[in-house]
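The stops below are given in the order in which to select them.

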Amino acid sequence: MQLKDGAHQLSRRALLLAGGIALPAYAFDNRIVDLRPELNGVPYGARTAVPEGVGEGTVLKGCLPPFKAARPAPNCFSSYIDPNKDRDHYYKPFKYSKDDKEAMSDLLAAVKAYPPGQAKIDAGGWKIMRSDDRYIYVQYESGKIGYLDDLEFLLDPETKTVNVRSASRAGFLDFGVNAKRINWYSKYLRGLQGWETTDITPENYRSYFKQNGTD
């Protein structure tokens, strides 16, 4: 069965793992490493659904607790969180002092400039799933296994800010992946005129780095 958008042909093993239902294999064109042979060309992420609310483009999710846990996992950051209630997962929105269209143009340019494998993450590549005049949604894939992460940018013209959400779909820890991804964008935009951004560091996110063993 040939899938659209350059996806790999699904193997019999993949169909069995999916319960007989053909799920799309996210074969991103800019992947720089091969998947492990036992995966038969079908990334793990092909078996994980897009989280509810992700990709809608009108509002971003927060960071929800996994597996009925009391608190969210240390694998998610979002600007749509009250920092007074959850400082560990709140990420301060990017600020811009320019025309809204120019700001979105900067963001889109940043997304397209993102190098798979930077800081030893996202070697499975990435793909823009949705982009409009206020919102960008990108999926990222890890290298050998093919886990999928979701990154969203939502521009707020009234406050001249860009809300950010980066989160892993599977697992509990991310071993610093989401921080490295956000920090790449933070640094890129700070290199342009009219942007203020904040990096995720052990100084301002001690719990995250400690839990992930990357402090």
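Select Trp-184, which lies in helix H3; helices here are DSSP runs of H or I with at least four residues, strands are runs of E with at least two, and both are numbered from the N terminus. Trp-184 counts as buried because its relative accessible area is 19%, and buried means under 20%, exposed over 50% and partly exposed in between, with a 1.4 Å probe and protein chains only. This is a predicted model, in which local features need pLDDT of at least 70 and side-chain atom pairs count only at pLDDT 80 or more, while totals for chains, interfaces and linings use all residues. Residues are numbered from 1 along each chain as its sequence is written, and side-chain values use heavy atoms, with hydrogens and water left out.

Now show what surrounds Trp-184. Not counting residues up to four places away in sequence, Trp-184 touches Ala-110, Ala-113, Tyr-114, Pro-115 and Gln-118; contact means heavy atoms within 4.5 Å. Draw a C-alpha to C-alpha distance from Trp-184 to Ala-110: the two are 9.3 Å apart in space and 74 residues apart in sequence.

**The H2 and H3 pair**

Select H2 and H3 together. Their axes are 10 Å apart and they pack at an angle of about 125°; axes are lines fitted to C-alpha atoms, for helices over the stretch in contact, and angles run from 0 to 180 degrees between N-to-C directions. The two helices H2 and H3 are therefore oblique to each other, since angles under 35 degrees count as roughly parallel, over 145 as roughly antiparallel, 65 to 115 as roughly perpendicular and the rest as oblique. To see the contact itself, show Asp-106, Leu-107, Ala-109, Ala-110, Val-111 and Ala-113 on H2, which meet Trp-184, Tyr-185, Tyr-188 and Leu-189 on H3.

Stay on H3 and pick Leu-189. Leu-189 counts as buried, because its relative accessibility is 0%. Beyond its neighbours within four places in sequence, Leu-189 is in contact with Phe-94, Asp-106, Leu-107, Trp-195 and Thr-197. The C-alpha atom of Leu-189 is 9.4 Å from that of Tyr-96, 93 residues away along the chain.

**The nonpolar core**

Which residues have the most contacts inside the largest nonpolar core? They are Phe-94, Phe-153 and Tyr-185, in a core of 31 residues. A nonpolar core is a set of buried Ala, Val, Leu, Ile, Met, Phe, Trp, Tyr and Cys residues joined through side-chain atoms within 4.5 Å. At least two residues of this core come from each of strand S2 (94-96), helix H2 (100-113), strand S4 (135-141), strand S5 (148-156), strand S6 (161-168), helix H3 (177-190) and helix H4 (206-211). H3 gives the most, with six residues. In soluble globular proteins, nonpolar side chains tend to be buried together.

Centre on Phe-94. Among the residues Phe-94 touches, leaving out those up to four places away in sequence, are Phe-153, Lys-160, Val-162, Tyr-185, Leu-189 and Trp-195.

**Loops**

Move to Lys-160, in the loop between S5 and S6. Its phi is near 55°, a positive value in a residue other than glycine. Lys-160 is partly exposed, with a relative accessible area of 31%.

Next, find the loop between H2 and strand S3 (126-131), where Ala-119 sits. Ala-119 also has a positive phi near 55°, and is partly exposed at 39% relative accessible area. Gly-125 is found in the loop between H2 and S3, but is buried at 0%. Gly-125 is in contact with Phe-28, Asn-30, Arg-31, Pro-116, Gln-139, Tyr-140 and Glu-141, neighbours within four places aside.

Last, select Thr-48, in the loop between helix H1 (12-17) and strand S1 (76-78). Thr-48 is buried, with a relative accessible area of 15%. A polar atom of the Thr-48 side chain lies 2.9 Å from the backbone oxygen of Gly-45. Thr-48 touches Leu-148 and Arg-169, not counting residues up to four places away in sequence.

**The whole chain**

Zoom out. The protein has four helices and seven strands, and 48% of its 215 residues count as buried.

Notes: A polar contact is a pair of N or O atoms within 3.5 Å; within protein, one must be able to donate a hydrogen and the other to accept it, and residues adjacent in sequence count only if both atoms are side-chain atoms.
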